[in-house]
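Let's take a walk through this model together, piece by piece. Keep the picture open as you read.

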Amino acid sequence: MSIIRVSRASIGLALGLSAVSGAAYAQDCTTKIGAVLPTSVDWGRPIAETAQFAVDQVNAAGGAAGCQIEMVLRDTQVDPKVGVDAAKALVDLEGVKVLLGAVSSGVSMPILTSVTVPSGVMQMSCCSSSTAFTGLSEEGKTNGLWYRTFATTGVQSAVGAKVAADKGYKSIAILYKNDDWGQDMARLIAADFAAVGVEVTASVAINDAQPNYRAEVTDALSGQPEALYLALYPAEGTAAVREWLSLGGTQNMILANSLKSDEFRDNVGLQYLGSALGTDTASPRSESADAFRAAYQERFEAEPNGPGLANSYDAAMLALLAMEAAGKDASGADVAAAMSRVTDPAGTPVSADTAGFVAAKEVLAGGGTVMFQGATGDVRFDENGDVSAPAVIWSFSESGTEEIEYIPLSDVDAFIASLK
Amino acid sequence: MIGVISYLVFFATTASILAIAVLGLNLQWGNTGLFNGGVVAFFGAGAYATLILGGAAQAGHLGGYGIFYPLALLGGMVAAGLMAWIVGLLTLRLRHDYLAIATFGVAVAFENLMRNAEWLAGGAKGVRGFERPLRTALGDGFIYNLVFFVVVLLILILTYLFLQRLVVSPFGRLLRAIREDEEAAQSLGKNPARIRLIAFITGSVILGLAGGLYGTFYAFVSPQDVLPTLTFQIWAMLIVGGAGNNRGAIFGAFLIWGAWTASGWALSRFAPVEVQLYTGSVQFILIGSVIVGMLMWRPQGFLPERLVVSHKGKTKRKQHGEY
């Protein structure tokens, strides 16, 4: 048992040292939250680090709901069995009421159906993109316990359709990554293209790690489309686009945010990407996004460029804000219900850092509501726990990427509504 | 305290489901010597078929038949058996490593089919939202998990008893005869090809049963559940527990799954804060070392096969290697 005490003491010491502005609020109690993230995978570790970073900031602000926060982190190994078991252990053995995770939809889903919903624990994922969650929620099977900060593929696909319409393309082919994200993306964008009157000539799946994509690209070329839509990751995106261009395909391309990478630009060549336009969800035009960037750079000595980092930060921050709003010893359902008080469009805006959390505490203590301006935007959930976000249209430039057009959240929502 | 019990019930349920799968593999490998490298395909066939047959209606793919649960589970077993029959006809003439490669290929093909055929099983999104049987009567909490565990445990015991009975029967002796020397068995007028196929199908049906229970328990199955990792895990359980011994198979399942989960828990609990982020990788190293150590120092497993030559009224035990 002494080992537990030693590790607790060392955590307490570390927290004590990091407590700056919140020293006056210092308490002796500790509330645990759970995190199930794929830390054994290279891109999973930074996501976990960023979540811990948010927890540290909150602890520096004096903790949430009257207690310091300890994040208990478990690895999923991207294996559903392992992830579900870890989640169950966190809920039953550590008594967490809030669970962050997982990344893969195929892991988040069984956790949701077999652990968090039956146990009444709030689950908040940074990165699960599958539309299956929306479906489950619409059937009323999530009990309002599910949230995610990954703006649904709906925003991306709607803005992609807007680009095609604005450019006046009449026909388009789609290449998509053959996973849950890519399949969702292809289905949604095909519907959105149809809604704005652009004909889809072909929709072709691209599997990872093939030596070449000639068959797939030839298939996509056969309808002689005016433009090409790419929902791919940089590695196979590069290979597919090279093949596409060498076979005489058009340079009119629309890219999903997954291709917003220097690797893709350099390997394809900037001279071929002059007519390529990308879409992305955008950071808000607010100081809080800059505050997050600055704080992140100070802590990790790097830009927060990586899949899911900003989403992971917002997921942790929102979960803790909701805990604060729900008060001490709240149940998972209480915390989930309190989410609307911290993402209220009419609420007091708060920034994504320690100072913002301190400010939020005061407003919430007075019975008010706040609007969290996070690293991914003015986060706002719909009734299914899905998040919408402002969008941006970008293109490649000498130095990286540059913004062509910024579309505020209200315009995004209006455009999505017009498609239906 | 209730938390600990609740977790242990949950853990034991997963371990029992895996133990059923290991028993199925044990019939194929331990008793008959069939190297099934595609365990996950039959496990997955059971899981998918059970969920598609018994699940609630879902847009975009097959399913929503809402069949009475035991029948859906039976359907999962039939699906696994049918697949084993087809695969078996095609591949069972192959020996050892060739059979392993062929069945591994079947498993990869199965995963890719499930990932791509959206009309069939939802593609990469998986089959979701399966209504757990008796949910309305038992609620969602601890009682449900407890009842579910008891049911799984009963199925595990029944499977074990069935296989124990099978192994000591003349048919069981025939399986071992084929495993040790096929030509000798043939010279006694037996038909090894047919017997191998029967053993392969029976083992696969048991794998399908485990898959069906797995899908029911998680109320979800996706291509991520049928990755080759699961084949590896089930094999590791059988090898560590003791191939050829049904008790060893069950013991191995509990031991390996216990080590797998306990190491994750212990690392998250006791490892220093700065190591926390690396616990996932540390866990892989630990588990790998245990399996390597096991293969080096006790390759026959914790509970090795006991060869029993049965005569009426007199039972003589022989050590491994003496036959």
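## Where the two chains meet

Start with the place where the chains touch: chain A puts in 45 residues and chain B puts in 41 residues. Here, two residues are in contact if their C-beta atoms, placed from the backbone, lie within 7 Å. On chain A, α1 (2-18), α2 (44-60), β2 (68-75), α3 (80-92), α4 (105-119), α5 (132-138) and α7 (180-195) each supply at least two residues of the side that touches chain B. The largest share on that side of chain A, 9 residues, comes from α3(A). By class, the side of chain A that touches chain B splits into 19 nonpolar, 13 polar and 13 charged residues. (Ala, Val, Leu, Ile, Met, Phe, Trp, Tyr, Cys and Pro count as nonpolar, Asp, Glu, Lys and Arg as charged, and the others, Gly among them, as polar.)

A word on the ground rules: this is a predicted model, where local features need pLDDT of at least 70 and side-chain atom pairs count only at pLDDT 80 or more, while totals for chains, interfaces and linings use all residues. Residues are numbered from 1 along each chain as its sequence is written, and chains are lettered from A and ligands numbered from 1 in the order in which they are written.

## Chain A as a whole

Chain A holds 15 helices and 17 strands. Those names stand for DSSP runs, numbered from the N terminus: helices are H or I with at least four residues, and strands are E with at least two. The C-alpha trace of chain A spans about 65 × 45 × 40 Å along its principal axes. Does 22 Å of radius of gyration agree or disagree with a compact globule of 420 residues? It agrees, because such a globule would have a value near 22 Å. (The radius is taken over C-alpha atoms, and the globule rule is 2.2 Å times the number of residues to the power 0.38.)

Of the 420 residues in chain A, 59% are buried. "Buried" is for a residue with 20 or more other C-beta atoms within 10 Å of its own; 12 or fewer makes it exposed, anything in between partly exposed, and C-beta atoms are placed from the backbone. Take the contacts in chain A between residues at least 6 apart in sequence: 73% of them join residues at least 24 apart.

## Two domains in chain A

Chain A is divided into domain 1 (8-150 + 308-378) and domain 2 (154-283 + 391-419), with bounds that come from an automatic or database domain assignment. Their C-alpha centres lie 33 Å apart. Where they touch, domain 1 of chain A gives 9 residues and domain 2 of chain A gives 7 residues. On the domain 1 side, α4 and β13 of chain A each supply at least two residues. That side of domain 1 has 1 nonpolar, 7 polar and 1 charged residues.

## Strands side by side

Strands of a sheet pair through backbone hydrogen bonds, either parallel or antiparallel. In this report, two strands pair if DSSP finds at least two bridges between them. For a parallel case, look at β6 (residues 171-177) and β7 (residues 199-206) of chain A, joined over 7 bridges. In this pair, A:I172 stands opposite A:V200. Together, β6(A), α7(A) and β7(A) make a right-handed β-α-β unit; right-handed means that, with the strands pointing away from the viewer, the path from the first strand over the helix to the second runs clockwise.

A hairpin through 2 residues joins β16(A) to β17(A), and A:V392 stands opposite A:Y406. There's a mixed sheet too: it is open, with 3 strands in the order β11-β12-β13 of chain A. Its edge strands are β11 (348-350) and β13 (377-378), each pairing on one side only.

## One residue up close

Now zoom in on A:L277, which sits in strand β10 (residues 276-281) of chain A. A:L277 counts as buried because it has 22 C-beta neighbours inside 10 Å. Leaving aside neighbours within four places in sequence, A:L277 is in contact with A:V163, A:I254, A:I393, A:S395 and A:I404. The C-alpha atoms of A:L277 and A:F396 are separated by 7.8 Å, though these residues are 119 apart along the chain.

## Chain B

Chain B has 13 helices and 2 strands, and 49% of its 323 residues count as buried. The C-alpha trace of chain B spans about 55 × 50 × 40 Å along its principal axes. Its radius of gyration, 20 Å, agrees with a compact globule, because 323 residues would give a value near 20 Å.
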